[in-house]
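Me: I would like a close look at a single part of this model. Please keep to what the coordinates give.

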Amino acid sequence: MKIAVASGKGGTGKTTVAVNLALSLQDIQLLDCDVEEPNANLFLQKSVDRVEDVSILVPQIDDDLCNCCGDCVAFCQYNALAALPNKVMVFESLCHGCGGCKLVCPEKAITETGRNIGYIEKSSGNGLDFYHGILCIGDAMASPLIQRLKCYADENKTIILDAPPGTACPMITTLKDVDYCILVTEPTPFGLHDLKLAVEVVEKMSIPAGIIINQDAEGYSEVEEFCKSKNIPIILRIPYDRRIAEMYSKGIPFAEELPGWKEKFREMYEQIKRIIE
Amino acid sequence: MKQLAIISGKGGTGKTTVTSSFAVLANNAVVADCDVDAANMHLLLNPQILSKHDFYGLSVASIDNQLCTECGLCKKHCRFDAINDNFCVESFQCEGCGVCKYVCPSDAISMETNKAGEAYESITRLGLLLAHAKLGIGEDASGKLIAVVREIAIRMAEENKADLILIDGPPGTGCAVIATLTGVDLALIVTEPTISGIHDLERALEVTSHFNIPALVCINKYDINEEMAREIEAMSNSHNAMIVGKLPFNKIPTEAMIVGKTVVEYASNTFTSNIEEMWSKVKEVLKL
């Protein structure tokens with residue numbers, strides 16, 4: 001079973017939920033898919049080993065064979081190739097690695113070579129299998145790295161995926177093929193606005209979802225009204241509590257310290273299991 | 001004309017709170033909301049749309065099942081796993097490269113360009129000009145839409161002789177952040193003294209140095225962990241990024257947000273005077 005933890009707005013508590021949930025259960029695999037800012041291991045403090053350098057294929061042009069016909073440049077949708085009078089230039093950072101240029105080249109002048117976009121690390125032990133991907137600084141290609149990271153999913157386990165913020169391609173790539181999505185929000189206008197966008201995504205992808213209200217406090221009931229109108233269950237509330245904020249700041253998962261919270265996360269998990277089945 | 005991008009690495013550290021306050025404090029700035037897949041600036045500035053531009057992202061493949069012989073060539077060549085076992089295109093996966101159409105022997109595939117979002121030129125309730133956008137749900141190409149928003153902001157700034165574009169950026173370090181940072185004069189990174197805040201700040205500082213963009217740092221909620229706040233100061237120093245502001249943990253940003261105001265309009269106290277001081281320092285660095 002795959003459960004993603006997502007939100008529209010950043011900083012609402014995705015990682016907090018993913019980590020505390022993982023630590024409350026047994027036989028879990030946690031995949032940190034926020035490859036632009038992978039933070040889960042700051043809370044788990046596991047020693048990790050690199051398992052793979054991830055690259056995407058980019059074209060290499062043999063200048064001796066290339067007759068500058070421009071077919072590849074015309075085919076490329078990403079402006080990653082440019083025709084100079086006697087040479088075709090490759091802008092590797094723009095290339096999505098579709099392989100189209102190689103297919104269309106009539107002179108067979110194009111081969112492909114790997115361009116490193118990031119790497120994957122893992123650790124295991126204590127009933128928790130952990131993987132994360134780290135995108136190279138200055139690199140734009142988060143989605144291919146997330147896709148590669150998801151290949152490590154172990155279907156025999158409950159898999160928790162910590163998603164990146166937003167509603168664009170990295171978030172969608174993370175949510176593809178999950179069985180359930182936990183949406184973490186906060187009771188503020190920004191939280192609600194971005195929650196609505198995230199709900200649109202899960203509806204469009206037909207993924208059942210439940211909502212966690214983090215930093216829950218009085219004063220803004222619109223989030224609850226929205227959940228009610230959409231018939232989406234609120235599966236957990238985490239109170240506005242300075243102690244939790246301080247523990248977070250130090251990298252301490254709060255369910256390890258505050259009594260009763262592991263049970264609450266387990267109950268939430270049972271609820272999710274019932275919904276899926 | 002100068003361009004200042006407000007970014008953070010980690011989400012939810014207070015980018016929009018800071019940017020919207022700067023917008024009020026600056027006399028003559030155009031605001032660009034470049035967090036196009038979770039835009040929030042309009043919730044505080046209540047814009048009236050002056051003009052709207054349809055945004056077309058990458059095209060998406062479509063298979064005509066009357067013509068398709070299920071030979072499987074498209075599936076074999078697609079690098080994005082966008083063609084499923086029933087020979088339907090998973091539009092969320094498709095990156096619009098056109099390889100499937102090229103290899104299809106039955107001419108069953110066409111590439112369709114769909115509207116992927118909208119970009120807006122607006123005037124806000126404060127009379128400020130705002131460039132913003134809405135990316136369609138699940139659409140690719142947020143980087144391209146950010147480029148459109150920035151073009152609109154530059155044109156509005158030129159037409160109205162504005163001396164500054166204030167860019168509210170997205171979280172992360174990838175495609176969207178790179179599109180936000182390209183060619184700006186200065187970046188302000190808003191962080192918080194938490195273990196993730198500092199980790200993401202370091203990555204954000206590496207991104208700004210990678211693109212040779214000078215950076216400043218603002219520590220929000222500095223008093224939830226003062227030891228970590230000192231670590232942030234040391235790290236910023238080592239990256240030649242000046243700390244221009246330290247804001248205390250405070251409920252004012254949430255309260256102001258609930259009534260749809262920027263913090264500098266909502267209150268006048270130490271929190272807001274800290275923001276004002278930070279703004280004067282930023283102005284000095286920008287030589288405005």
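The request comes next, and one connected reply follows it.

How many of the eight residues of strand E10 (residues 209–216) of chain A are buried, and through which helix does the chain cross from E9(A) to E10(A)?

Reply: The model is predicted, so local features need pLDDT of at least 70 and side-chain atom pairs count only at pLDDT 80 or more, while totals for chains, interfaces and linings use all residues. Residues are numbered from 1 along each chain as its sequence is written, chains are lettered from A and ligands numbered from 1 in the order written, and side-chain values use heavy atoms, without hydrogens or water.

Seven of the eight residues of E10(A) are buried, so the strand is largely enclosed by the rest of the structure. Buried means under 20% relative accessible area, exposed over 50%, and partly exposed in between (1.4 Å probe, protein chains only). Strands (E, at least two residues) and helices (H or I, at least four) are DSSP runs numbered from the N terminus.

On one side, E10(A) runs parallel to strand E9 (residues 180–185) of chain A, and five bridges join the two. Two strands pair if DSSP finds at least two bridges between them. Within this pairing, A:Ile182 has A:Gly210 of E10(A) as its bridge partner. To get from E9(A) to E10(A), the chain passes through helix H7 (residues 189–204) of chain A in a right-handed β-α-β crossover. Right-handed here means that, with the strands pointing away from the viewer, the path from the first strand over the helix to the second runs clockwise.

E10(A) also pairs with strand E11 (residues 234–239) of chain A, again in the parallel sense, over four bridges. Here A:Asp216 stands opposite A:Pro239 of E11(A).

Most residues other than glycine have a negative phi. A:Asp27, which is not a glycine, has a positive phi of about 55°. A:Asp27 sits in the loop between helix H1 (14–24) and strand E2 (28–32) of chain A. In contrast to the buried residues of E10(A), A:Asp27 counts as partly exposed, at 45% relative accessibility.
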